[in-house]
Amino acid sequence: MEVEVKIKNRLPLVELKRLERVEKDADRARRLRVIILGVEGWTAPAVAMAVGLSRRICQRWVRRYNEAGLAGLDDLRGRESCSPLTPEQEADVRERIEAGPTRQDEVCSLRGKDFQRILADEFGLLRSLASVYGLLHRLGYSYLRPRPRHRKSNPEHIAAFKQALPEKLATIAAEHAGKQLRVYFQDESRFGQQGTMTNVWAQRGSRPTAVRQTEYGYLWVIATVCPETGHADGLLSPQLNSKVINIFLEQFSKTIPTDEHAVMVWDGAGFHTSKQVRPPHNITLLQLPAYSPELNPIENLWHYLKSHYWSNRSYHDYDTLEEAAMTAWQTAVLDAETVKTVCAASYIQRATSN
């Protein structure tokens with residue numbers, strides 16, 4: 001049964017309506033309307049629907065009015081909030097967040113409830129769950145999905161690659177004097193009937209379903225992109241080997257303007273490092289450190305294509321896969337601005353600006 005909103009008798013209804021009429025701030029006038037409707041006996045859902053706010057927000061304004069009267073309807077946004085932590089505690093909390101879950105936490109990822117317990121047990125702070133989330137956001141943290149990292153990834157090798165990159169590019173540029181150097185990133189992705197899933201909009205609390213195919217047909221999408229210009233080139237192939245890579249390189253070579261030279265950055269896959277690979281004269285190959293996909297921004301393009309075009313679907317045969325791959329490519333990858341946004345890489349921007 002829906003109950004009426006309980007409003008403390010702080011001001012007469014007539015006075016509240018007068019204040020609403022003369023109020024010039026539309027947001028404050030709407031908060032006064034929440035109080036007025038509550039005084040008139042409206043239920044919380046009805047009030048929320050009438051003013052176009054969520055029920056939770058309406059209840060918050062009612063609570064503030066009941067506690068502080070008209071002053072409780074003031075907009076508190078932009079005012080400096082008082083942290084419950086001392087600077088020393090704040091530094092310790094940041095260190096705890098960065099360290100991630102311990103064996104004692106017994107979870108693989110810390111959530112709000114876990115931080116609520118950690119603040120109580122390790123810092124002696126009892127806080128509501130909403131307050132915990134507010135604190136985490138105030139400290140600059142969000143609950144994000146991490147980028148995959150290979151267990152054999154070597155941070156020292158990755159740092160050394162970044163540090164040496166500007167000098168390598170300068171050397172290549174000197175070897176091709178008179179040419180504009182463009183850095184491209186290359187990779188391959190298998191797209192097939194082993195389907196992937198992506199998010200959908202659904203009713204809160206529901207468990208929506210989507211097609212996930214479990215058959216075995218597939219093709220290879222071979223691509224290279226320039227994050228600076230948005231230029232991209234691609235090839236679809238039913239197989240992947242050094243011969244196919246050479247065909248791709250020859251095809252890509254023909255798209256490079258005569259006044260440019262391409263530096264193609266790619267990983268150390270066998271079909272890249274094979275002695276059979278023959279790069280054209282206007283392409284210089286540059287190998288990434290082992291197990292460092294995070295250095296290759298084209299990985300973001302695969303995620304973009306899968307999450308926007310290729311997931312939650314089934315594909316009857318190779319021709320259907322090929323059609324879907326080409327449609328996605330023509331829609332997204334031929335849009336230079338999309339490529340520049342999706343494949344932006346800050347470290348390569350720094351390297352090329354030196």
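I take buried to mean under 20% relative accessible area, exposed over 50%, and partly exposed in between, with a 1.4 Å probe and protein chains only. The model is predicted, so I hold local features to pLDDT of at least 70 and side-chain atom pairs to pLDDT 80 or more, while totals for chains, interfaces and linings use all residues. Residues are numbered from 1 along each chain as its sequence is written, and side-chain values use heavy atoms, with hydrogens and water left out.

**Helix H6**

I count helices as DSSP runs (H or I, at least four residues), numbered from the N terminus. In H6, I find Gly 112, Asp 114, Phe 115, Ile 118, Leu 119 and Phe 123 buried. Down the axis of H6 these buried residues fall within an arc of 150 degrees (taken from the directions from the axis to the C-beta atoms), so they line one face. The face turned away carries exposed Lys 113 and Asp 121.

I checked the length next. Just after H6, Gly 124 takes a positive phi of about 70 degrees.

**Neighbours**

What covers the buried residues of H6? I note that the cover includes helix H5 (87–99) and helix H7 (129–138). Contact here is heavy atoms within 4.5 Å. From H5, Gln 89, Asp 92, Val 93, Arg 96 and Ile 97 meet Phe 115, Ile 118, Leu 119, Glu 122 and Phe 123 in H6.

How values were computed:
Helix = DSSP H or I, 4+ residues; strand = E, 2+ residues; numbered from the N terminus.
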